[in-house]
Amino acid sequence: AAPSDSDLKTSKADVAPTTPVLTTGDTSHRVESTETWKDVVVIPRKPFLKRGRIELMPLFSITMNDILIQHYALGAEINYFITDILSVGVMGMYYFDTVLDQEFFTRYHFGLVPTLNKYNYTATFNMAYVPIYGKFSLFNYWILHYEVFVTGGVGITGTEVIPRKVEHESFNNLALTFPIGAGGRLFLTRWLALQVAFRDFMMLDKFEEPGRTEIDGEKAKDSQSESRFINNFIFNFGVSVYLPLNFEYTTFR
């Protein structure tokens with residue numbers, strides 16, 4: 001437990017060695033000066049500790065590397081910090097898709113119907129490590145603290161085929177997903193932080209074959225589909241709330 005204020009009263013161990021000071025004029029009288037070490041703080045403590053706390057973060061995401069279809073996602077991430085630099089957690093996202101104009105231009109200019117899948121949801125288990133922690137001064141007034149983290153994990157992504165022909169049925173896939181990424185946190189208070197991250201969701205997805213003739217979706221999935229390795233790059237932005245909202249140091253300053 002942290003020591004109480006009464007336990008931290010100045011003792012002889014806290015007092016600097018006395019230095020004799022000569023008074024002016026009469027050298028027969030000396031005055032002993034004292035200083036306390038505990039009043040001199042050389043390295044301030046970190047203003048934000050995460051060990052043993054839970055991070056709750058609603059997040060907004062957007063896909064970055066598909067020029068034919070754009071996905072936006074709403075989700076949440078929950079992390080538990082085993083230490084101040086190591087955490088485990090889960091993340092879930094639900095996607096909203098928009099087919100871009102480039103898809104129409106591909107059909108019109110090249111006479112090709114592109115193969116497209118849309119994402120429905122993603123759920124992953126993640127671990128994160130913080131290799132960098134630092135601070136900077138803003139307008140020579142505020143001191144802001146930040147950290148950089150790397151993350152990786154495993155999960156699943158639900159995808160859905162967008163058929164080339166309107167008479168063909170769609171079919172759904174459950175793709176094994178391996179997310180890796182990096183990001184940063186900017187601490188605002190003892191319990192609130194902003195977070196941004198770039199993640200690559202690597203997955204093995206199924207697409208319909210170009211020459212599909214089967215109308216039934218499940219039959220086409222079994223006989224007229226092909227597997228492809230996909231890198232789904234996503235940008236995340238979130239606001240982190242840490243529980244409990246406060247913390248106490250258990251060591252001396």
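Visitor: Which residue is the bridge partner of S61 in β4?
Guide: The partner of S61 in β4 is A73. This is a predicted model, where local features need pLDDT of at least 70, side-chain atom pairs count only at pLDDT 80 or more, and totals for chains, interfaces and linings use all residues. Residues are numbered from 1 along each chain as its sequence is written, and side-chain values use heavy atoms, with hydrogens and water left out.

Visitor: What counts as a strand, and when do two pair?
Guide: Strands are DSSP runs of E with at least two residues, numbered from the N terminus. Two of them pair if DSSP finds at least two bridges between them.

Visitor: How many bridges join β3 and β4?
Guide: Nine bridges, in the antiparallel sense, join β3 (residues 54–63) and β4 (residues 69–81). The two strands form a hairpin with five residues between them.

Visitor: And how many bridges for β4 and β5?
Guide: β4 and β5 pair over 13 bridges, antiparallel. Among the bridge partners are Y72 and, in β5, F96.

Visitor: Where does β6 run, then?
Guide: β6 covers residues 116–138 and pairs with β5, residues 86–99, over nine antiparallel bridges. S87 stands opposite A128 in β6.

Visitor: New topic. What do the eight strands close into?
Guide: They close into a barrel with antiparallel pairing, in the order β3-β4-β5-β6-β7-β8-β9-β10. Neighbouring strands of this sheet are turned by 20° against each other on average, direction ignored.

Visitor: What are those angles taken between?
Guide: Axes, which are lines fitted to C-alpha atoms; angles run from 0 to 180 degrees between N-to-C directions.

Note on methods
Helices (H or I, at least four residues) and strands (E, at least two) are DSSP runs, numbered from the N terminus.
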